[in-house]
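Subject: Structure for your files

Hello,

The structure you asked about is below. My notes on what was found in it follow.

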Amino acid sequence: MSSHASLFALGPALYLAATGLLVLVLDSVGRTTRLPFALGSAVFGVAAVGAAAVAAFTGGTLLGLGVGAHAFAAMNAFLVAFLVYLVDPSGSNRLLVASVAVAGAVFSLGNAAYYLAYFGTTSDAQAALLFGDQLVVDQMSLLFMAIAASVTALVALASYDYLEGHAYQAEYYALVLLAATGMSLMAAANSLATVFVAMELASLPSFALVAFLKKNRGSVEAGLKYFLIGALSSSFFAYGISLVYATTGSLQLEAVASALSGGTEFVGMLGIGMLMLVGGFAYKTASVPFHFWAPEAYEGAPAPISAFISSASKAAGFVIAFRVFTVAFTPAGLFASLGIDWVLVFQILAVVTMTLGNFAAATQENVKRMLAYSSIGHAGYVLIGLASLGGVASQGDTVLGASMMHLFVYGFMNTGAFLFIALVEYWGVGRTFEDYAGLGRKAPVACAAMTVFLFSLAGLPVGAGFLSKYVLFFGAVSAGFWWLAAVGAINSALSLYYYTRVVKAMWVEEPNGELELQGRPTGLYAAVVAAAVVTVLLLPGFFPIAETAIEAANAVLPNAGDTTTAFFG
Amino acid sequence: MIDGTIEALLAVTLVASFAVLVSPDRYAAKLATALSLLPLAGSLVMWSGFEPAGNALVDGESAIGYMSQVEWFDLGGITLQWFVGVDGVAMPLVVLTTVLTTLALVSAWTPISERQSQFYGLVLFLEASLLGVFTALDFFVWFVFWEAVLVPMYLLIGVWGGPRRKYAAIKMFVYTNVASLVLFIGFVALVFGLGDSVATFGLPEITQALRDGVAPDGLPGVGAESLKLFAFLAMFVGFAVKVPVVPVHTWLPDAHVEAPTPVSVLLAGVLLKMGTYALLRFNFTMLPDIATDLAVPIAVFAVVSVIYGAMLALAQTDLKRIVAYSSVSSMGYVILGLVAYTTIGVSGATFQMISHGLISGLMFMAVGVIYNVTHTRMVSDMSGMADRMPVTVGIFVAGAFGYMGLPLMSGFAAEFFVFVGSFQSTVLPSAPVFTGAAMFGIVIVAGYLLLAMQKTLFGEFRLDTDYEVGRAAFHDVAPLFVLLLLVIALGVFPDLFMEMIETAIEPVASIGGGA
């Protein structure tokens, strides 16, 4: 790995951070000063074009590409601000703030996609290492940055309607964007120190967001639970880091790996440290044994935030687990030299997590809570990626890549499902299955989208969830863990039961009494429909995601060898 | 290579489905019926221009009409592809699907009054999925369509069905979906077992690899023979639920009784054929050695389905349940024909799929027409209906005779082929015994149909509901009449389909060791 040690490589994360700050600034400038501000934005945007032109001449390196892309995107962002001003010069800041948040997330996504395309088309593309190897931008980072950004865009779009009449909206968007920044940095973190900092950066805004509806007891209680368990798991995690540091004398992941390659006498200390790290990941990804906050937090939080945390935050937790355990604690090497079989831990956690999540989901009466448990179940499926790494080494990239694919698809289908809940909450319809009765007659488009999400989550071939699950189970089988795939398949079949209950309620049941839906919130509708369209389109268009994910997995798995070519013939 | 014909057929049907979904309720019925004429005409054009040349799976490319094959993407060393085409087995089923869909749409005009655009749109979506199932030649494409059938079916029963519709819909959904999972695992395990010898999920390629004697040993720790046996059993269970074979048939009567008439027509007429079609394609074409090894137990299942289904029908008091159980019985003949592995037997089984599709469609529609005017289906509630509805009852009686196998009706031709084929079977030990036992089923069929007709249709007019019996509308009777004509046409000229079926079946029978 060599580095074009440029901050621009972190573009997707910087975008989110900058947009978060921009949102706050926009909100603080009063209405009277908006015209000069907007004009200033336009001028700045034009200036950015100049920068882009300059950058075009430096092209060829990731640095040059980065400057060009950012300048172009920055120009667009400021033009959006200006346009929103033109559309609504005397209106509230709501629209402006929301549009800027969405635009920022979309640019972050575009930037990540652009770099991914660069990696995909350039044969000698290399990961960018920053700040003394504390951060790394490779395909896996970019893929997860793309997940964080797309979820953020959908959530911000949906929040415009959901937040109608609430105070502190700019703060809300800023917190979402800053949490997303943390998640993007988690994707890039390459040392236990940056891992911890990025995790806290993602967590702290999330606590506030879960408790955002501060007059709602459920929301506040959820926030408190989320915070307390978060604090507990953070302390576990920090203690785990200290034990690993004590054993290896290093925090940087490759350095940890090389320190361990010669063996260590403190095997027990290292093992306990790693177990504590697992605890931290389990919290972030809502896996057993730190899963119990999730149903409360998802149920109590504003629904767009439930979507955000259950999709983006989960993915970010997983990318850290992927990187730390594959890079620092190389499975085969560690087991051979020290006898620490962490793969076994993940096998147990995967089976327990998916079974517990699915069985608990099947018994719920509240749709949002059902989705929360289903989210735990999906964490179990994704854990198969790590749990299968101890097997046939050359197949590790398939199964780990499959986990990434599943998280990517999940970012759309699960976000969409929670945003549909947000839509239902917006209408003031209740939360149980019975309350959903007859919704299909009143809102066929949204309910059709929800049907797509649910069937895709269940793994029926109406959405890309079918393919990602298929590759996941296939990967587990070819890595030699057919029993993991079998448990996954059985769970997947079971999950159809509770997903179908929602479909049944929406389309088949008669409404209880009069069901009046007030209004057609544009933002929420757009977000739900967009997520559904992407979920369906990813079915025929699955290949680029699969290819990127497997290459990304290949890059972090030293033992995977050169199977990428074999896999894609 | 893209031929475009089948793509156009599917696209037209799908577009029609979406157009109807968003159309206003007032126009939905007529619009859907009119639009369904497009795939109907398309399939007839395909049928008239089709040159049968063998079996799509066994003979490969040369035997496939209207073939399209393009690579989609690679996954785990296996290429997924868009691969569709028809042969002598698929072509008649495609025609059956389009014909029955149009007639079912017409039969829906009277009973369906709520949420019409959704109903008709879903029926057209169902048609598109069914066409996909019968034309797909790649496992992945096939499976996507196979599963897609479930969604509209679930909603059609669950929303527009009778009083216990929710239970019936969810039962159907759970039964068939668990079955799909089992068959998926079985088939995928088989393909992975084949390892590098197959590069795609294309059904012809997999069939070829298995025929070339490639032993599926790619899965560590599992022997080739046990993997093949496992795959065969998993797929057999998966398809048996769909057929359905006793003892996994219990979802069917519930689904039929609750489903509205047009949905029953499609369920009995086309959906059940998905199961037998898949059995023929997968179990009997790909794994003939296992199929012949297991000939006796399969034949036992077939005969039990025939006899037990007919006896259950005998015990019913609901006209629709009678027809529903008789489907279980009739599908037993298909399995018997398949397991015989003679050209005439397997072709007869395929012909029985078409024939039963038309006849059971006719019977369900006739029961539906009677129900529309009487609002009861209970045998004990009515008597002498012939007095008030002579035309409907006349067609009903004709259809029932078709069911019993009256010569010059398609039912006779189909059952005749099946029995001749299974009698001559060299693969099935003591074939005459099984054949004889199954033939006894015909007696029971005749018994319950005559009994039911005598009680309800003939004798003095009596009706224990407060409905006035009016005349059935012309558009209720017209599809019945069309179906009756088709049943007679196929009975008189079985070669309309039989010839192309035989060209496609001969290779299958010969690899199975039959004649």
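**Domains of chain A**

The centres of domain 2 of chain A and domain 3 of chain A, taken over C-alpha atoms, are separated by 22 Å. The model is predicted: local features need pLDDT of at least 70 and side-chain atom pairs count only at pLDDT 80 or more, while totals for chains, interfaces and linings use all residues. Residues are numbered from 1 along each chain as its sequence is written, and chains are lettered from A and ligands numbered from 1 in the order in which they are written.

Chain A is divided into domain 1 (1-186), domain 2 (189-323) and domain 3 (341-569); the bounds come from an automatic or database domain assignment. Domain 2 of chain A puts 25 residues into the contact with domain 3 of chain A, which puts in 31 residues. Two residues are in contact if their C-beta atoms, placed from the backbone, lie within 7 Å. On the domain 2 side, α10 (267-285), α11 (293-300) and α12 (303-328) of chain A each give two or more residues. Helices (H or I, at least four residues) and strands (E, at least two) are DSSP runs, numbered from the N terminus. The most comes from α12(A), with 13 residues.

**Chain B against chain A**

Here 23 residues of chain B are in contact with 24 residues of chain A. On the chain B side, β1 (65-75), α5 (139-160) and α6 (165-194) each supply at least two residues. Of the elements on that side, α6(B) gives the most, with nine residues.

**Core**

The largest nonpolar core has 436 residues, and those with the most contacts inside it are A:A148, A:V176, A:M186 and A:L419. Such a core is a set of buried Ala, Val, Leu, Ile, Met, Phe, Trp, Tyr and Cys residues joined through C-beta atoms within 7 Å. A residue is buried if 20 or more other C-beta atoms lie within 10 Å of its own, exposed if 12 or fewer, and partly exposed in between, with C-beta atoms placed from the backbone. Leaving aside neighbours within four places in sequence, A:M186 is in contact with A:V195, A:A198, A:M199, A:A202, A:A316, A:V319 and A:I320.

**Helix α12 of chain B**

Helix α12(B) (residues 295-314) has 20 residues and reaches 28 Å from its first C-alpha to its last, close to the 28 Å expected at 1.5 Å a residue; the expected span is 1.5 Å times one less than the number of residues. Its buried residues include B:F301, B:V306 and B:L312. The buried residues of α12(B) pack against α11 (288-293), α13 (319-340) and α17 (431-456) of chain B.

Regards
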